[in-house]
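I am opening a page of notes on one protein model. I will look things up one at a time and write down what I find.

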Amino acid sequence: MHFTTLSLIFSAVPLVLAQNYGGSSGSTTSAAAASAQTSSSGPLHVVKVSNANGDLTFTPNDIQAAVGDQVEFRFYGPKHSVAQSSFAKPCVPVNSSAFFSGPITTSGTAANTETFTLNVTSTAAIWFYCSVASHCASGMSGVINAPSDGSKTLAMYQASAKSATSTIPSTVQGLIQGTLSSSSTSSGTSSGASPSATNAGVEARGGVKWTLVAITGVVAAAFGSLIV
């Protein structure tokens, strides 16, 4: 009789553990989601620097981005760069802190695996150009958050750039260097992978483990009652 009682008590322990620690707990899932939201950045705007045909363009070249967004530049051949400029002086670095990727040489028609990303920290207009040879004068330039009132447009910038002499910034700076993954696409926006899938897998495995322990406990209790 005593053995049966003890067996029932011990069999209840894994059942309680399975209920409280086994499956995908709502609080655990909520915490993971909150963590992902806190650590994630805004949308990623992908800009092609030239293309497979070697055209002297940024695509897209007129971007609207909110604070917290990122703009990733993906380079095509043969050689190009991206540098920060100003509307007043096209094809010239805006100042000594202007972001600059340096000249990037790419062979073939695919995008270079090396990428450069700008974190958008203000809604002020950001003008940029390619500093290689006469690419800027040929129209290879772009803008992030051009004034909505139409007072300063990319068309105006490019018109002024036709008579400008391109200046190469002296320092590579201001951009986050990265590597283009094989699964990446050239879509306008994308987002990073969420860690929730991994967490879900861990939680699922835990649920199976405690469920098996609970079943073992019940079988033990039944066996004990038969003995008594």
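Which residues does Phe73 touch, not counting residues up to four places away in sequence? The model I am reading is a predicted one. In it, I find Phe73 touching Val47, Val49, Phe58, Val82, Thr115, Phe116, Leu118 and Phe128.

**Entry: the cores.** I looked up the largest nonpolar core next, which holds 21 residues. Phe73 is among the members that touch the most other members, together with Phe58, Val82, Phe128 and Ile144. I then checked which elements give two or more residues to this core, and they are strand S1 (44-49), strand S4 (70-75), S8 and S9. S4 gives the most, with three residues. I also noted a second, separate core of eleven residues, including Ala83, Cys91, Trp127 and Leu154.

**Entry: Thr117.** I found Thr117 in strand S8, which covers residues 114-119. Is Thr117 buried or exposed? Its relative accessibility is 9%, so I put it down as buried. Leaving aside neighbours within four places in sequence, I list Leu44, Gln70, Val71, Glu72, Leu175 and Ile176 as the contacts of Thr117.

**Entry: the salt bridge.** Glu72, one of those contacts of Thr117, came up again here. I count one salt bridge in the model. Glu72 forms it with Arg74, and the closest N and O atoms are 2.5 Å apart. Both Glu72 and Arg74 are buried. As a general point, side chains of opposite charge can pair when their charged atoms come close.

**Entry: the cysteines.** How many disulfides does the structure hold? I find one. Cys91 and Cys136 form it, with their sulfur atoms 2.0 Å apart. I read where the two cysteines sit: Cys91 is in the loop between strand S6 (83-85) and strand S7 (104-105), while Cys136 is in the loop between strand S9 (126-129) and strand S10 (141-144). The pair therefore ties together parts that are 45 residues apart in sequence. The torsion about the S-S bond is about -80°, so I record the disulfide as left-handed. Cys91 is buried at 0% relative accessible area, and Cys136 is buried at 0% too.

How values were computed
Residues are numbered from 1 along each chain as its sequence is written. This is a predicted model: local features need pLDDT of at least 70, side-chain atom pairs count only at pLDDT 80 or more; totals for chains, interfaces and linings use all residues. Side-chain values use heavy atoms; hydrogens and water are left out. A disulfide is a pair of cysteine sulfur atoms within 2.5 Å. Helices (H or I, at least four residues) and strands (E, at least two) are DSSP runs, numbered from the N terminus. Buried means under 20% relative accessible area, exposed over 50%, partly exposed in between (1.4 Å probe, protein chains only). A salt bridge is a side-chain nitrogen of Lys or Arg within 4 Å of a carboxyl oxygen of Asp or Glu. Contact means heavy atoms within 4.5 Å. A nonpolar core is a set of buried Ala, Val, Leu, Ile, Met, Phe, Trp, Tyr and Cys residues joined through side-chain atoms within 4.5 Å.
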